[in-house]
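Open the model in your viewer and keep the sequence beside it. This tour goes stop by stop, saying what to select and what is there.

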Amino acid sequence: MVSQRLYFAGAPRDRNMSVYMAENTLPQHTSLLGDTEYDAAVDTALAKARRSIRIFEHTLGRGYNSPQRFELLRRFLLASQRNRLQIVVHEPRTIDRNCPRILNLLRLHSHAISIHETHSNAKSVYDPFAVVDDHSFVHRFHFDEMRGLLALDDPIGTHTLAERFDEIWEASSPTVAATTIGL
């Protein structure tokens, strides 16, 4: 049997909550077919966030500029100074045009948000996902397809994607800053 401490990071109180969830809640998996279902699944997962949100996408699309997603992320960031939002994208150039609300959050909460771009050796990763705390995720199987999976209260499946996110994070560097410095 694998030790549960491998799956649950954070403060002891948070680990106890995760262990309780793992022992007393069955994972809920929902198949996703299409843009609308995928966007709704991301919002559902984000609403459950209490400590961390880790997002990997090809680029941030219009869904990340919607008023409801902005409000979910804003409430998450305001809930605690310790909350963190990490985003990795292959293509950051469209963020300023497509996601002004994300940039507004970045300006207001620069201590809690990091946006990275993948290095060339990680550009071959093709399946976007979002990981919420240590318990839930949304995983799309390919950038060009909308088939995917929403998994709630699934710490073991979430652990796998969290480790993958960490690998992608290591193969990336900061790209979008809170302010523009002109000369």
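Start at the second largest pocket: select its lining, which divides into five nonpolar, four polar and six charged residues. Here Ala, Val, Leu, Ile, Met, Phe, Trp, Tyr, Cys and Pro count as nonpolar, Asp, Glu, Lys and Arg as charged, and the others, Gly among them, as polar. A pocket is an open set of points on a 1 Å grid over the protein atoms alone, where a 1.4 Å probe fits and protein lies on both sides within 12 Å along at least five of seven lines; lining residues have an atom within 4 Å of a point.

Before moving on, note that this is a predicted model: local features need pLDDT of at least 70, side-chain atom pairs count only at pLDDT 80 or more, and totals for chains, interfaces and linings use all residues. Residues are numbered from 1 along each chain as its sequence is written, and side-chain values use heavy atoms, with hydrogens and water left out.

**Inside the pocket**

Fifteen residues line this pocket; select Asp39, Gly61, Arg62, Gly63 and Arg140, which lie nearest its centre. The largest share of the lining, three residues, comes from H2.

**Along helix H2**

Now select residues 35-47, helix H2. Helices (H or I, at least four residues) and strands (E, at least two) are DSSP runs, numbered from the N terminus.

Next, colour the buried residues of H2: Tyr38, Ala41, Val42, Asp43, Ala45 and Leu46. Buried means under 20% relative accessible area, exposed over 50%, and partly exposed in between, with a 1.4 Å probe and protein chains only. Show what these residues pack against: strands E1 (28-33), E2 (52-57), E5 (129-132), E6 (136-140) and E7 (147-152), and helix H3 (67-79).

**The aromatic rings**

Select Phe56, Phe129, Phe143, Phe165 and Trp169, which ring pairs link into a cluster. Rings of Phe, Tyr and Trp (its six-membered ring) pair if their centres lie within 6.5 Å; planes under 30 degrees apart count as stacked, over 60 as edge-to-face and the rest as tilted. By this rule there are four aromatic pairs.

Zoom in on Phe56 and Phe129, a tilted pair with 5.8 Å centre to centre and 50° between the planes. Phe56 lies in strand E2 and Phe129 in strand E5, so the pair ties together parts 73 residues apart in sequence. Phe56 counts as buried, at 0% relative accessibility. Phe129 is buried too, with a relative accessible area of 0%.

Go on to Phe165 and Trp169, a stacked pair: 5.8 Å centre to centre, 25° between the planes. Both lie in helix H6, four residues apart, about one turn of the helix.

**Around Phe165**

Stay on Phe165, in helix H6 (residues 155-170). Is Phe165 buried or exposed? Phe165 counts as buried, because its relative accessibility is 0%. Show its contacts (heavy atoms within 4.5 Å). Not counting residues up to four places away in sequence, Phe165 touches Arg54, Ile55, Phe56, Gln86, Val88 and Phe129.

**Zoom out**

Finally, show the whole chain: six helices and eight strands. Buried residues make up 46% of its 183 residues.

Conventions
The expected span of a helix is 1.5 Å times one less than its number of residues.
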